[in-house]
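I opened my notebook to record what I looked up, one topic at a time.

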Amino acid sequence: MAALESSDEQWQGLQFLLTRGSPLSHPDFEASPQTLDFLRDTCKLLVVGAGGLGCELLKDLALLGFRNLHCIDMDTIDLSNLNRQFLFRTGDVGKPKANVAAAFVSNRIPDCHVTPHYNKIQDFGPEFYQQFHVIICGLDSIVARRWINGMVLSLLRYDEEGQLDQSSIVPVIDGGTEGFKGNARVILPGITACIDCTLDFYPPQITYPLCTIASKPRLPEHCIEYVKVLQWPKEKPFGDTTIDGDSPDHIMWIYDKAVKRADEYKIQGVTYRLTQGVVKHIIPAVASTNAVIAAVCSTEAFKLASSCSKPLQNYMVFNDTDGVYTYSFEAEKKEECPSCSMKPVNLSFPEDSTLQDVYNYLCENESFAMKSPALTAVVDGRNKTLYLPTIESLEKATRSNLGKKLFDLGIGDNHEIVVADVTSPKPITIIVKYTYGMEE
């Protein structure tokens, strides 16, 4: 496909929009021809994810005049992607999504340069993320969303009086799709509701009865879930590590075992893609939904970068299952949010509670929903690792602490415990409050 030809006429519509005032403009908007120059020459955007939503985002942003785009994605192209991820072709199968998408858009749109990053989001530190004016997410993982959320919150700076330095804010626009449903939201870190403020917005994960998957499997999903829930912890193919849904090695091991179990029960339909979907709780994507949500997210990025209009306040849902329905509302910031409240969180436990009780609470409570929290505290003036599940040798060394009472570990009333988890690059602090036999 030939590249578009660059011409001044291509940008006349945007120039007209940005050089005149409007009652709908943001109070900070100043009509000026230099605004388009800023969008095209200075503004730097990061697109996180180059899948179904990410492809649409890169295309829309490039056609809106943004010339300096970065794209980060750790996946490679699969044949099943081609029905909706339109920047890819058959010959691209097996190649990194970020590299192919960046090359396609850079070649197709005049003067637009997309820098690819075939990496995990965790491969980069604060200095990488703080260079962008806006971050736009097209992710299929709640954990990845929460990590980006934690990163932009860690970039915030406050003065001695606790006032937020506005220049340290990197806005995040998050889009998500589930079949014929989708949503888009605008997050101003430190000001509006963050991802962790609204964890209960995300749908509950699908589970299967243990008795069914263990003794009477009927569906290919049952075979995959059996391997995930029962065989993985029993056989420990990669040591004591938890399942990483983004690891091809982990997914392939589960897939191979699931195929064998499916053959045993004469069940058909176990595929690598289905295995990844069950492990990561992926819902099949619909191209039209991706296009709508990407259009909304790109428009919001344009509004934030130019101030030509007030941004979404701050959450929009879309549903075209039966007709087309949209609704927007303002998600409220939680005062006690463990991520963006910028203060320790008080948690109450009975006086005979063990470290396992604290660990379970952090994993099961919807306000935290952690995956494998590491717990440390200052005891007798020294840093003490209470439990570290992510490093095999240290997990074994600290495993016995889980069964011990907090008092026996030196954790008294009003004691601070620092908690780190894969859901955020920024640790949080909890303060243990004992109930001493009273109701919490």
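**Entry 1: the second largest pocket**

I noted that the model is predicted. I began with the lining of the second largest pocket, whose residues divide into 11 nonpolar, 10 polar and two charged. Its volume came out at about 520 Å³. I then looked up the 23 lining residues; the closest to the pocket's centre are His133, Pro171, Leu304, Ala305 and Ser307.

Which helix gives the most to this lining? I found that H11 does, with four residues. Helix H11 covers 287-306, and helix H2 covers 34-42; each supplies at least two residues of the lining.

**Entry 2: salt bridges**

I counted next. The structure holds 14 salt bridges. I kept in mind that side chains of opposite charge can pair when their charged atoms come close.

I looked up Asp41 and Arg67. Their side chains meet in a salt bridge, 2.9 Å from N to O. This pair links distant parts of the chain, 26 residues apart. Asp41 sits in helix H2, while Arg67 is in the loop between helix H3 (52-63) and strand S2 (68-72). Is Asp41 buried or exposed? I put Asp41 down as exposed, because its relative accessibility is 51% and the cut-off for exposed is over 50%.

I turned to Glu235 and Lys257. They form a salt bridge with the closest N and O atoms 3.5 Å apart. This pair also links distant parts of the chain: Glu235 is in helix H8, Lys257 is in helix H9 (residues 248-264), and 22 residues separate them. Glu235 has 38% relative accessibility, so I listed Glu235 as partly exposed. Lys257 has 22%, so Lys257 is partly exposed too.

I went back to H11 for Glu300 and Lys303. In their salt bridge the closest N and O atoms are 2.8 Å apart. Both residues lie in helix H11, three residues apart, about one turn of the helix. Glu300 counts as buried because its relative accessibility is 6%. Lys303 is at 15%, so Lys303 counts as buried as well.

I also found a network of salt bridges. It links Lys236, Asp240, Glu395 and Arg399.

**Entry 3: Lys228**

Where does Lys228 lie? I located Lys228 in helix H8, residues 220-235. I wrote Lys228 down as buried, because its relative accessibility is 19% and buried means under 20%. I then looked up what Lys228 touches, leaving aside neighbours within four places in sequence. Lys228 is in contact with Pro233, Ile243, Val278, Val279 and His281.

Note on methods:
Residues are numbered from 1 along each chain as its sequence is written. This is a predicted model: local features need pLDDT of at least 70, side-chain atom pairs count only at pLDDT 80 or more; totals for chains, interfaces and linings use all residues. Side-chain values use heavy atoms; hydrogens and water are left out. On a 1 Å grid over the protein atoms alone, a cavity is a set of points where a 1.4 Å probe fits but cannot get out, and a pocket is an open set with protein on both sides within 12 Å along at least five of seven lines; lining residues have an atom within 4 Å of a point. Grid points are joined across faces, edges and corners, and a volume is the space filled by probe spheres set on the points. Ala, Val, Leu, Ile, Met, Phe, Trp, Tyr, Cys and Pro count as nonpolar, Asp, Glu, Lys and Arg as charged, and the others, Gly among them, as polar. Buried means under 20% relative accessible area, exposed over 50%, partly exposed in between (1.4 Å probe, protein chains only). Contact means heavy atoms within 4.5 Å. A salt bridge is a side-chain nitrogen of Lys or Arg within 4 Å of a carboxyl oxygen of Asp or Glu.
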